[in-house]
Each structure stands twice: as C-alpha cells, then as structure tokens.
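Let's take a friendly walk through a protein model together. Have a look at the sequence and the 3D view below, and then we will begin with one residue.

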Amino acid sequence: MSPRPMVRPGGRSARVQEAVHAAVRQLEAEAGRTALTVPAIAAKAGVTPSTIYRRWGDLRELLSDVAVERLRPEAPPEDHGGLAEDLRAWAGQFLEEMSSPPGRAYIRDALLGDPDGTNAGQCSAYAAEQVDVILARAAARGEPAPDVETVLDRVVAPIMYRILFRPGSLDAGYPARLVAEVIPAR
C-alpha cells in the first residue's frame, strides 16, 4: 500500500477529499451501504473512479478514511466543574456514541480499511486529546489527576473492548464505575 498523500488545507486534494466524503455520506443516507461502490461514489462526487483508487486504493480504505473523519470530536469536552464529573460525563458520552449502531459501524470501517494502523492511531489520538483537555482543566483547578495514558488504559480501553467484543454487557453506569476506579471519591 502506498502512503496517503498529504492534504493541503484548501488545496485540490482537500476539495476532492471533502467531495468524496460527502458523496459517501449522501449515498449511504439515500440508498444504504449496498449503494457504496467506487463508481457510484465517484459519480456523486464529480471525480473519476481512478481518482478514488489512486488516493485511497480501494473502497474499504475509503470507508476507513470517512469513518475516521466521522469519529473526530466536534467540540472539546464539556466542563462540569470537576475532574470526576468531567470524566464521567465524557466517558458516558463516549460510550453512548461509540456503542450506537453508527458508532459501531464507523469503528468497524475505521479498522477494516486500515492495514497499517494509521487510522486506529488517529482514533486513539482523538480520545487522548479529549482526555488531555479534561486533565488540563483539572490541573488548572489544582485537582490531582492521573496521566492521559492511565485514563486511556483504565477507562477508554475497557469501554472499547466491551463495545467490540461484549456489547451485550454494556450499561450506562459502566463508564462511571471505571472513572471511580481511576478517580476515587474524596
């Protein structure tokens, strides 16, 4: 597999990426996953199929790229005034979004079209960035806080494991229990 080309903000490559991503989302909304073929996406995006093959390699890699973009958080985590509250709220929202049918589909797509782990790493970076914001707020308030890796290992990783391998054992209180193990009540 060849490395993906660098995307210049506002350049032709960025415009192609946006048009193709939008075409994937529109086709899936209009006709479902079975409508997602490279020729159909190319026609909807106004590009040639060879443009898609050159840039993404195949449909699976394109869907992985779209999924990673869809998994990108739209805003920083909400500030609830304290580390435990912030982390509980974020982890609950993370569980809700990732375990929803669209969230599970995006996770699956992100991983299936990602032979070198780049997209999985980007998804992990999104979670780490969100956790880092929460921990930085706690530090600014003078609250003791664990490091990002501890939160990823003890809160995010168990949630993802359950979503992927034991979805029937998930409940809304699970994230709060994980957070309580990392940030004991004071």
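In which helix is Ser64 found? Ser64 is found in helix H4. Keep in mind, as you read on, that this is a predicted model.

## A first residue: Ser64

Is Ser64 buried or exposed? Ser64 has a relative accessible area of 0%, and because buried means under 20% relative accessible area, Ser64 counts as buried. Leaving aside neighbours within four places in sequence, Ser64 is in contact with Asp109, Ala110, Gly113, Asp114 and Asn119. If you find Ser64 in the 3D view, try to pick out these partners around Ser64.

## The whole protein

Now let's step back. The protein has nine helices and zero strands, so reading from the N terminus gives the order α-α-α-α-α-α-α-α-α. Along the principal axes, the C-alpha atoms fill a box of roughly 60 × 35 × 30 Å. Of the 186 residues in the protein, 39% are buried.

How do parts of the chain that lie apart in sequence meet? Take the contacts between residues at least 6 apart in sequence: 66% of them join residues at least 24 apart.

## Helix H1

Helix H1 covers residues 12–31. How far apart are its end C-alpha atoms? They are 28 Å apart, which agrees with the 28 Å that 20 residues should span at 1.5 Å a residue. Just after H1 comes Gly32, which takes a positive phi of about 85°.

Several residues of H1 are buried, namely Ala14, Val16, Gln17, Val20, His21, Ala22, Ala23, Val24 and Leu27. Here is a handy idea for looking at such a list: an α-helix has 3.6 residues a turn, so residues three or four places apart point the same way. What covers the buried residues of H1? The cover includes helix H2 (38–45), helix H3 (49–56) and helix H4 (59–71).

## Charges and salt bridges

The protein carries 22 positive and 25 negative side chains. The centres of these two sets lie 5 Å apart. How many salt bridges does the structure hold? There are nine salt bridges in the structure.

One of them joins Arg25 and Glu18, with the closest N and O atoms 3.4 Å apart. Arg25 is partly exposed, at a relative accessible area of 26%, and Glu18 is partly exposed too, at 45%. Another links Glu28 with Arg33, where the closest N and O atoms are 3.3 Å apart. Glu28 counts as partly exposed at 27% relative accessibility, and Arg33 counts as partly exposed at 37%.

## A salt-bridge network

Arg141 and Glu143 form a salt bridge as well, and here the closest N and O atoms are 2.7 Å apart. Arg141 is partly exposed at 32% relative accessibility, and Glu143 is partly exposed at 25%. Which residues are joined into one network? Through salt bridges that share partners, Asp79, Asp86, Arg141 and Glu143 are joined.

Our last stop is helix H7, which runs over residues 118–140 and holds Gln130. Gln130 counts as buried, because its relative accessibility is 11% and the cut-off for buried is under 20%. Which residues does Gln130 touch, not counting those up to four places away in sequence? The answer is Pro73, Ala75, Pro76, Pro77 and Trp90. Val148 is 18 residues from Gln130 along the chain, and the C-alpha atoms of the two are separated by 9.5 Å.

Ser124 also has its place in helix H7. Ser124 is partly exposed, with a relative accessible area of 40%. Between Ser124 and Tyr174 there are 50 residues of separation along the chain, and their C-alpha atoms are separated by 20 Å. To finish, find Gln130 and Ser124 on H7 in the 3D view, and look at how Gln130 is buried while Ser124 is partly exposed.

Technical notes. Residues are numbered from 1 along each chain as its sequence is written. This is a predicted model: local features need pLDDT of at least 70, side-chain atom pairs count only at pLDDT 80 or more; totals for chains, interfaces and linings use all residues. Side-chain values use heavy atoms; hydrogens and water are left out. Helices (H or I, at least four residues) and strands (E, at least two) are DSSP runs, numbered from the N terminus. Buried means under 20% relative accessible area, exposed over 50%, partly exposed in between (1.4 Å probe, protein chains only). Contact means heavy atoms within 4.5 Å. Lys and Arg count as positive and Asp and Glu as negative; His and the chain ends are not counted. The place of a charge is taken as NZ of Lys, CZ of Arg, CG of Asp or CD of Glu. The expected span of a helix is 1.5 Å times one less than its number of residues. A salt bridge is a side-chain nitrogen of Lys or Arg within 4 Å of a carboxyl oxygen of Asp or Glu.
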